Amino acid sequence: MSFDRITHAFAGNPLDRAAVLRTDANEVARLLASPDAGIVAFADDRPLIAISDDGSRMDIVWLKPADILTHRADGSPLILLGVTQDAEQGTGRTAGKTGAPRFACRIDVGADGEPDPAFSSLGKFIDLRSLAVQGLLARDQLGILTQARSLGAWHTRHTFCANCGAPTQAADAGYKRICGGCGAEHFPRTDPVAIMVVHHGTDCLLGRQAHFPEGSYSALAGFIEAGESIEEAARREIFEEAGVLVGKIAYHSSQPWPFPSNLMIGLIGEALDKTLDVDFEEMEDARWFPREEVISMIHRTHEGGLFTPPDISIAHQMIKSFYGQD
Ligand SMILES: [Zn+2]
């Protein structure tokens, strides 16, 4: 099994997030006034994407502030994503501050969910899942949009204070909301999910839920609950869903999953034995698969038409990695 670094889809955001500048309104204004400043427009959760004439390549459309800010959706903050950095500038706390500032904001949409038609001459508004599956947008650009989408979705869902119910206002260039009533500060959330490839020898436990595409089998997963360690959550989920007891657990890799703001934490677990007691309320099926069968599922040559999830998912990458197919 290889533990080489894997750049998962949605990871690999190359921006220097310039976190030290967020809290200084003058610095943020200076970045916005830079001739290199660019803003990516979102129509709800869909960013504006340029498509090359031959349809083979996509790129984020970086708009000038003057071209977008008058279209900003009511209450939508201008989010500072960071600044670009090149290899010579390196990375870190002070590097890259002279790079191009990058922002995101949501624009007005009509009742049909579509923005001002003027934007359609620049590109198309495309959801992130489609962008990832199509694979025509460079992974680093997808990483930038992951940060922007998760933050944008958080703002639209947290316009009122969970403490007192009064309206909240965005602050710190989009990294905080402050309640106008009680003064409580609210911060963007990330919801951790444990996902585990469980094996017994070279056999592997995979399951499917009723909403999966027909034939698709994946590693089992679940949200980490309050007061749980990652390992405890993973062992609990596997036992609840499949009745399998897991012993040793190793960390594999993680993946941001911006629907809206999950962090998939990928683990490899050793089952104590091959006992199986599937909860058919939660799972449509779960089984032990032998090595050769899983390899045919990875490569989509399985005789029965079974397959692992698409390569944008951490489940696919971990299963491939476990069987040395990467
Ligand atoms: Zn409040």
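This is a predicted model: local features need pLDDT of at least 70, side-chain atom pairs count only at pLDDT 80 or more; totals for chains, interfaces and linings use all residues.

User: What is the radius of gyration of the protein, and why does it agree with a compact globule?

Analyst: The protein has 326 residues. A compact globule of that length would have a radius of gyration near 20 Å, so the value for the protein agrees. That value is 22 Å.

User: How many of the residues count as buried, in percent?

Analyst: The C-alpha trace spans about 60 × 55 × 45 Å along its principal axes. The secondary structure comes to eight helices and 15 strands. Of the 326 residues, the share that counts as buried is 38%.

User: Which strands are at the edges of the open sheet of three strands?

Analyst: The order in this sheet is S7-S8-S9, with antiparallel pairing. An edge strand here pairs on one side only. The edge strands are S7 (168-171) and S9.

User: Is glycine 183 buried or exposed?

Analyst: Glycine 183 lies in the loop between strand S8 (176-179) and strand S9 (185-186). Glycine 183 has 11 inside 10 Å, so glycine 183 counts as exposed.

User: How far apart in space are glycine 183 and glutamate 232?

Analyst: In sequence, glycine 183 and glutamate 232 are 49 residues apart. In space, C-alpha to C-alpha, they are apart by 36 Å.

Note on methods. Residues are numbered from 1 along each chain as its sequence is written. Helices (H or I, at least four residues) and strands (E, at least two) are DSSP runs, numbered from the N terminus. A residue is buried if 20 or more other C-beta atoms lie within 10 Å of its own, exposed if 12 or fewer, and partly exposed in between; C-beta atoms are placed from the backbone. The radius of gyration is taken over C-alpha atoms; the globule rule is 2.2 Å times the number of residues to the power 0.38. Two strands pair if DSSP finds at least two bridges between them.
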